Amino acid sequence: MNLLESVGAGARDMASHKGRAVITIVGIVLGTASVVAVLSLMRGGEKQTEDFFDEMGGLRELRITNQHSHDIFQTAAERASERLTYRDAQAIRRECPSVLTVDPEITEFLAVAYGEKTFQMKVLGTNRDYPHADNMPVAEGRFITDKDCENYANVVMMGPTYKEDLFGEEEAIGKTITIEGIPFEVVGIMQKKEFYFEGSGGSDRNVLEWFNRSHYIPITTMVRRFTVNDRLDGLEISATTIEAVPALTEEANRVLLRRHGVEDFNVESKSDQIRQRNEQEAFFNIIFWAVAFVSLFVGGVVIANIMLASITERIREIGVRKAIGASSRDVFIQFLVEALVVTASGGALGILLGLGMVALTDKVLNMPTAVTPGILLIAFGCSVAVGVIFGLFPAIRAARLDPVEALRYQ
Amino acid sequence: MLIRTEDLTKTYDLGEVEVRALRGVTFGIEEGEYVAIMGPSGSGKSTLMHILGCLDTPSTGRYFLNGTEVSDLHGRALARVRNKEIGFVFQNFNLLPRVDLVANVALPLVYLGGMNRSDRRKQAEGALDSVGLGHRLKHRPNELSGGERQRASIARALVNEPSILLADEPTGNLDQKTGREIMAILDELSGAGKTVIIVTHDSNVASHARRTVEIEDGAIAREGRA
Ligand SMILES: Nc1ncnc2c1ncn2[C@@H]1O[C@H](COP(=O)(O)OP(=O)(O)OP(=O)(O)O)[C@@H](O)[C@H]1O
Ligand SMILES: [Mg+2]
């Protein structure tokens with residue numbers, strides 16, 4: 001008996017035991033639906049994290065930070081190191097073949113004034129790569145250029161919230177403001193940056209608002225006018241392609257190690273950060289997994305029991321089949337395929353239910369979800385696996401029945 | 001010789017006691033013979049029948065079917081012999097209740113393999129037609145009388161064109177008139193050259209056969225020819 005016929009026979013058998021099939025299927029349907037829901041929620045969460053990081057500057061980014069020694073006493077090399085400096089940033093730009101952008105940052109809170117208004121405001125010293133690296137399009141005017149940096153130009157680019165604070169509706173470009181009393185010409189305004197996390201805790205807080213509350217000046221001007229040295233608060237670099245990220249990590253490490261003489265820095269990719277974040281989220285998913293596992297397991301146990309019961313009911317049938325030429329293997333396959341037909345149809349229904357659940361979670365709970373073909377495949381695979389695992393024992397039992405005993409059975 | 005047995009025994013070990021259902025059966029059956037196996041209840045008729053039908057294997061002794069020794073075979077090989085060489089007719093019909101007659105009769109062809117579904121159904125319909133059930137193809141067993149069910153089970157036994165037809169009390173669950181109809185079919189098959197072996201208590205039934213083998217207490221007690 002070939003497999004296709006077994007499937008057909010299994011389907012017909014199921015159709016002729018509708019009550020039994022429904023009971024058997026419930027667990028599998030719920031289990032498969034849970035798997036779809038779990039994976040979609042997980043994927044949705046992951047995707048949102050990815051989108052968030054993408055909005056923050058994409059996956060080609062590497063963040064370089066100062067790594068502070070855990071030892072109480074610093075080594076001589078550590079003491080000698082100047083930490084991350086603007087010169088490091090320039091060296092990386094010169095020497096790393098895989099680098100696309102280099103975005104050094106020095107942040108100060110300074111007195112900024114326009115007309116009658118004076119505020120203590122965040123001022124970021126940076127260079128032409130900043131909007132590019134941090135995915136910050138310019139709304140009006142222009143950003144800082146290489147020329148601005150070379151000339152220590154007194155030019156300022158404004159975040160949209162600060163622009164409103166100082167100018168309101170008034171045109172700002174071309175006007176002059178003062179920073180710590182020094183006049184700066186306004187050359188551009190950034191586009192507003194926003195990102196809202198969906199779901200329970202997310203509410204309607206713009207988690208990227210801090211980007212909008214900043215002024216931007218050439219980093220060289222910052223160093224010359226407002227700071228005592230060129231130590232950086234942050235350094236973000238990006239690779240030419242996502243594939244080049246490992247190479248750039250390597251190159252940046254090499255350049256910095258040579259310049260510092262000690263590994264007092266840390267080069268971390270955005271994808272590392274995403275992975276860490278997803279690992280944190282994985283914990284919450286354990287609960288979902290437990291639900292899916294329990295439903296599938298219960299569904300499987302129900303199937304095994306119903307099949308065992310149906311074997312008792314069908315002992316004679318098995319005897320007859322063997323008498324007319326079925327081998328133990330034929331009987332084994334028949335019963336296993338019947339289990340598979342039940343669980344696979346349960347799996348198919350479960351996927352439909354799961355999609356419904358996902359749509360509902362998305363709408364009602366406003367949680368991020370994402371359904372991919374892979375998720376559906378995994379869910380279906382789970383239902384089939386349950387069929388194989390829990391159909392195995394009943395199938396073996398059926399196959400082992402002695403035909404004479406089976407025919408004698410009343 | 002189609003069937004030859006040498007000193008077949010069958011012992012059931014029930015722990016405390018041993019039941020010796022067969023105590024050494026040696027006999028032979030030629031192709032085309034029409035044999036009735038008779039004997040009191042519990043004498044071992046069904047046990048012998050199951051061994052001859054390759055449903056069971058003897059505890060000791062040898063069994064040759066069509067010249068090959070089948071007492072050595074197990075599992076799939078034995079299933080294969082049952083499928084191709086043996087047609088069973090049971091006292092209680094043993095049709096599958098949830099499928100129609102065509103599907104019931106086509107079942108041995110499914111296990112034979114190598115035929116597509118429509119060919120199998122065609123052949124099953126032919127077999128049903130030959131036992132006078134051409135008008136009942138789509139019926140399920142519970143929609144039929146006992147006689148019709150037994151005719152369907154004969155059709156199933158014949159569909160693979162086996163060399164032997166084995167019938168264990170084929171009229172045991174039927175009234176006399178229906179029983180005679182069934183016997184008429186078996187007579188006809190025998191007349192057409194099929195080897196037919198029936199197990200029966202009923203001497204009227206046995207009288208249809210041309211040879212009777214009487215079993216008592218697990219061994220052949222008497223033989224007779226009509
Ligand atoms: N599986 C078994 N375990 C133990 N004893 C068995 C088994 N099968 C048959 N027997 C015994 O073997 C003996 C022969 O049984 P068998 O069924 O062959 O008799 P029979 O001649 O067909 O009887 P009947 O005419 O009542 O059908 C009986 O004593 C029976 O109890
Ligand atoms: Mg008997």
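1. The second largest cavity of this predicted model is lined by I324(A) together with R82(B), N83(B), I86(B), G87(B), F88(B), P108(B), R156(B), A157(B), V159(B), N160(B) and P162(B). About 70 Å³ of space lies inside this second largest cavity, and the count of cavities of 30 Å³ or more comes to two.

2. The largest share, three residues, comes from β6(B). Sorted by class, the lining of the second largest cavity holds seven nonpolar residues, three polar ones and two charged ones.

3. A pair of aromatic rings is described by the distance of the centres and the angle of the planes. In one of these pairs, F184(A) and F226(A) have their ring centres 6.2 Å apart, with 25° between the planes, and the pair is stacked. F184(A) belongs to strand β7 (residues 182–190) of chain A and F226(A) to helix α9 (residues 219–226) of chain A, so the pair ties together parts that lie 42 residues apart in sequence. Are these two residues buried or exposed? F184(A) counts as buried because its relative accessibility is 0%, and F226(A), with a relative accessible area of 16%, is buried because the limit for that class is under 20%. The rings of F88(B) and F90(B) have planes at 10° and centres 5.6 Å apart, so this pair is stacked. F88(B) and F90(B) are both buried.

4. Further aromatic residues deserve a look in each chain. In chain A, one aromatic cluster is formed by Y130(A), F143(A) and Y216(A). A charged side chain is found over a ring in chain A, where R224(A) lies over the face of Y152(A) at 3.7 Å from the ring centre. In chain B, R4(B) lies over the face of F64(B), and the distance from the ring centre is 4.4 Å.

5. The hairpin formed by β2(A) and β3(A) has two residues between the strands, and G115(A) in the turn has a positive phi of about 60°. A further antiparallel pairing, over two bridges, links β2(A) to strand β6 (residues 176–179) of chain A, where V112(A) stands opposite I179(A).

6. In what order do the strands of the open sheet in chain B run? Four strands form this sheet in the order β2-β1-β4-β5 (chain B), with antiparallel pairing. The edge strands, each of which pairs on one side only, are β2 (18–29) and β5 (68–69) of chain B. Within the sheet, strand β1 (residues 3–13) of chain B is joined by five bridges to strand β4 (residues 60–65) of chain B, and these two run antiparallel. T9(B) has T60(B) in β4(B) as its bridge partner.

7. N66(B) is found in the loop between β4 and β5 of chain B, and with a relative accessible area of 44% N66(B) is partly exposed. Although N66(B) and L2(B) are 64 residues apart along the chain, their C-alpha atoms are separated by 4.8 Å. G172(B) has its place in the loop between β7 (164–168) and α6 (176–191) of chain B, and G172(B) counts as partly exposed at 40% relative accessibility. From C-alpha to C-alpha, G172(B) and Q91(B) are 5.7 Å apart in space, while 81 residues apart in sequence.

How values were computed. Residues numbered from 1 in each chain as written. Chains lettered and ligands numbered in written order. Predicted model: local features only at pLDDT ≥ 70, side-chain atom pairs only at ≥ 80, totals over all residues. Heavy atoms only, no water. 1 Å grid on protein atoms, 1.4 Å probe; cavity = no way out; pocket = protein on both sides within 12 Å on 5 of 7 lines; lining within 4 Å. Points joined across faces, edges and corners; volume = space filled by probe spheres on them. Nonpolar A, V, L, I, M, F, W, Y, C, P; charged D, E, K, R; others polar. Phe/Tyr/Trp six-rings, centres within 6.5 Å; stacked < 30°, edge-to-face > 60°. Buried < 20%, exposed > 50% of the residue type's maximum accessible area, 1.4 Å probe, protein only. Lys NZ or Arg CZ within 6 Å of the ring centre and 35° of its normal. Pairing = 2+ DSSP bridges.
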